[in-house]
Amino acid sequence: MNGDDTGTVMTDALGTAARPATAPPPAARGRAPRGVRLWRGLTPWLFLAAPLALLITFTYAPVANMIAYSFTDWDGVSPDLHYTGAENYVELFTRPELFQVFFVSGYYLAASVVQIAVALYFATILSFDVRFRNFFKGVLFFPYLVNGVAIGFVFLYFFQDGGTLDSVLGLFGHHSDRAWLGTSVSANTSLAGVSVWRYTGLNFVLFLGAIQSIPGELYEASELDGAHRWHQFRYIVLPGIKPVLSLSVILSVSGSLSAFDVPFIMTGGATGTETFVIQTVKLAFQFNKTGLASAAAVVLLLIILAVTWVQRRLVPDDKVDLV
Amino acid sequence: MNRRTSFAGTLLAAALLAAGCTGSGGASKGADAKAPDDPAKVSGTIKVLTQRTDLVQDGTMKKYAAEFNKTYPKVEVEFEAVTDYEGEVKIRMNTENYGDVLMIPAVIKKGDYPKFFASLGTSAERSRKYRFTDFTTVGGKVYGQSPIGVTPGFVYNKRVWKDAGITDWPTTPDAFIDDLRAIKARTKAVPYYTNFKDKWPLTSWTSANGSASCDTGATTALADGDPWAEGADLRVADTLLYDVVHDGLAEKDPTTTNWEGSKPRLAKGDIATMWLGSWAITQFRAAAEQAGTDPDDIGFMPFPVQVGGRFCAVVAPDYNQAVNVHSAHKEAARAWIDWFTDRSGYADDNLTLSPVKGAPLPDVLKPYQDAGVKFIELDDTDGATVKAIDNQSEVGIYAPDYRQNLVDLARGARKGSLDDFFADLGKRWTEAARTVGSGS
């Protein structure tokens with residue numbers, strides 16, 4: 001190795017010596033005039049200006065505002081508000097009933113397990129050569145493109161007495177006379193089912209992308225070694241998509257804790273379907289306790305950050321190395 | 001590294017700066033919107049915010065404006081219909097730009113009225129001519145005026161009730177339940193429809209307050225005591241609702257009800273009864289015409305309690321119209337409110353009561369006159385306190401939640417007894433009443 005190095009240096013030196021310098025000296029080339037240097041430093045910031053301005057205006061400023069409001073007794077409209085210190089947080093943590101609504105998140109959490117399993121199943125199947133592959137991809141991904149409010153209305157008709165679900169069951173000869181949103185358990189299960197229908201597509205696409213980035217030779221090599229489809233899944237696919245899988249889990253957990261639009265449209269939190277975010281919205285806009293609601297939102301943010309942190313500690317994001 | 005921290009600092013500073021820009025603006029306080037002396041001289045373009053999207057869309061409001069221009073030729077009136085009126089206007093009221101004339105959103109505290117609205121005159125002077133002045137009076141000055149008066153009651157299908165063999169209005173809650181049973185037994189109609197999913201029809205049961213006791217001090221009673229004590233108005237009303245649902249006299253699946261769909265169903269006789277207000281009669285008549293049934297089938301009856309042999313009907317204001325304190329054309333805005341209240345015919349067109357004292361009853365309430373129903377107006381001196389207690393306790397008598405829970409309890413989707421349910425509400429209410437009483 002060493003010998004080679006000296007060799008190159010030698011030839012370089014010879015080459016330079018053989019040809020007279022045609023290019024300007026490197027020192028003069030590096031130091032551009034002041035104005036140009038300023039522009040060069042500024043250019044990336046100019047590109048960033050628009051997204052940063054939007055990000056600050058619509059994300060960071062409102063969040064800063066919300067944190068500020070959480071220390072006041074503001075009612076959301078009155079011109080005067082008073083600083084109350086940590087009073088809102090004290091009230092929040094001395095009222096355990098405000099946290100009981102997290103039991104509802106359990107339904108969504110259970111649903112997201114089903115959702116990830118289903119998405120993984122379809123992603124694996126469709127990553128192999130299947131007939132009508134692209135059609136099925138479209139069908140699975142489509143629900144994710146539909147607006148949450150629209151989904152709420154669609155499923156309201158779906159679960160209605162004598163609605164779509166009852167008619168379809170009727171076709172199969174099953175005439176249930178059941179109010180799908182009638183009891184707490186049934187309503188939460190139905191809503192969690194809607195959430196599975198809605199988000200499976202997203203998980204599916206994430207998984208599919210990750211699976212397709214696994215090099216094809218690995219499958220061939222494993223087949224030569226006599227591996228089965230299950231073995232391929234267990235020892236090639238699963239380790240290959242681990243980072244995406246753990247991302248999906250984080251998204252599901254935070255999504256379950258902050259479930260909002262579909263239950264809000266469909267039941268408005270009635271019949272024991274109230275989630276933490278619905279409760280917060282009600283505190284802010286129904287009982288005009290904007291200060292307390294802001295504090296609740298901050299607490300939810302911290303809970304989600306904490307859950308994510310714990311999850312990352314338990315399943316560290318190792319670099320994937322299949323080869 | 002250094003660069004990154006300084007960048008994060010800039011971000012944070014910018015965010016805080018932007019945060020500092022929003023929030024409480026300085027309020028000009030205590031302006032008056034005087035009535036113009038000479039109608040021909042008032043000028044300016046005024047914007048009227050309204051929740052009546054239907055009337056703006058079908059051009060009815062434009063017709064009112066054209067009529068208004070005959071008296072005030074130089075004033076141009078624009079309308080802005082807001083679908084989610086409460087929610088949107090509340091947020092806009094953080095700025096100065098919330099129209100020239102608007103309906104006072106329920107969220108605004110009475111004590112804050114002078115900061116948001118221009119006064120229409122003293123209460124002594126206005127109460128001689130108009131009803132409902134004390135609902136918007138702060139410090140002797142009036143800040144709003146409702147263009148209509150409404151009375152709560154049951155909208156019902158006369159044909160269905162007659163088919164069930166009922167000729168007279170029930171006079172007690174028990175008789176009401178018996179009548180609904182008769183409807184269930186003898187007709188195919190759903191005796192009562194809760195509109196559970198759309199929520200606000202459940203909220204409107206609160207307006208039964210005052211009807212059961214025939215007491216003009218019913219609002220004060222809410223502020224002073226337990227609204228769910230034995231014999232209290234709200235308990236009587238809520239018990240009636242509970243019994244209706246508990247005895248299976250309401251629709252089968254309340255969780256998926258549909259308000260727009262319920263109107264033609266009542267008109268056609270699929271639904272017999274709903275607790276709403278006199279404002280709803282005109283909508284049900286329209287639905288009946290559309291469905292090809294007789295609009296005269298739509299009836300209206302008072303809450304089934306008699307005091308001294310007479311029914312009692314509470315007359316209450318709808319949204320109160322007010323002038324924006326920041327408006328550049330307060331005279332023109334005032335002119336609109338006066339004209340709309342006194343001369344537009346809006347109250348008649350909507351088959352509601354006129355807010356002008358001594359005006360005749362609308363025809364739809366003729367049966368009330370024949371039956372000798374007593375009209376009362378509640379004293380609203382403690383209205384602001386009741387709202388404060390309601391928010392503090394998070395009971396929500398002006399929100400649907402606790403009645404949705406009540407209906408769930410009645411149909412067995414929620415565990416517990418009615419007495420415990422009322423006791424819990426009463427406990428939260430009276431506890432909050434103590435802190436509100438000492439706090440403000």
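This is a predicted model: local features need pLDDT of at least 70, side-chain atom pairs count only at pLDDT 80 or more; totals for chains, interfaces and linings use all residues.
Visitor: Over which residues of chain A is the pLDDT below 50?
Guide: pLDDT is the predictor's confidence in each residue, from 0 to 100. Chain A averages 85, and 88% of its residues score at least 70. The stretch below 50 has zero contacts in the model beyond near neighbours in sequence, and it covers residues 1–21.

Visitor: Which element gives the most to the side of chain A that touches chain B?
Guide: Contact here asks for C-beta atoms, placed from the backbone, within 7 Å, and 31 residues of chain A meet 31 of chain B that way. Helices (H or I, at least four residues) and strands (E, at least two) are DSSP runs, numbered from the N terminus. The top giver, with seven residues, is α3(A).

Visitor: How many residues on that side of chain A are nonpolar?
Guide: Ala, Val, Leu, Ile, Met, Phe, Trp, Tyr, Cys and Pro count as nonpolar, Asp, Glu, Lys and Arg as charged, and the others, Gly among them, as polar. That side has 13 polar residues, three charged ones and, for nonpolar, 15.

Visitor: Over in chain B, how far apart are the C-alpha centres of domain 1 and domain 2?
Guide: The bounds come from an automatic or database domain assignment. It gives domain 1 as 44–146 + 319–357 and domain 2 as 152–314. Their C-alpha centres are separated by 30 Å.

Visitor: Are α12(B) and α13(B) roughly parallel or roughly perpendicular?
Guide: Axes are lines fitted to C-alpha atoms, for helices over the stretch in contact, and angles run from 0 to 180 degrees between N-to-C directions. Helix α12 (259–268) and helix α13 (281–291) of chain B have axes 8 Å apart, at an angle of about 70°. Under 35 degrees is roughly parallel, over 145 roughly antiparallel, 65 to 115 roughly perpendicular and the rest oblique. So α12(B) and α13(B) are roughly perpendicular.

Visitor: Which strands are at the edges of the four-stranded sheet in chain B?
Guide: Strands pair if DSSP finds at least two bridges between them. This open sheet is mixed and runs β10-β11-β9-β12, with a twist averaging 25° from one strand to the next. The strands that pair on one side only are β10 (190–192) and β12 (298–301).

Visitor: What is the bridge partner of Tyr192(B) in β11(B)?
Guide: β10(B) and β11 (271–277) of chain B run parallel, joined by two bridges. In β11(B), Tyr192(B) is partnered by Thr273(B).

Visitor: Which residue of β16(B) stands opposite Ala118(B)?
Guide: Strand β4 (117–118) of chain B runs antiparallel to β16(B), with two bridges. β16 (321–324) of chain B is also antiparallel to β3 (101–103), over three bridges. In β16(B), the residue opposite Ala118(B) is Val323(B).

Notes. Residues are numbered from 1 along each chain as its sequence is written. Chains are lettered from A and ligands numbered from 1 in the order in which they are written. Two residues are in contact if their C-beta atoms, placed from the backbone, lie within 7 Å.
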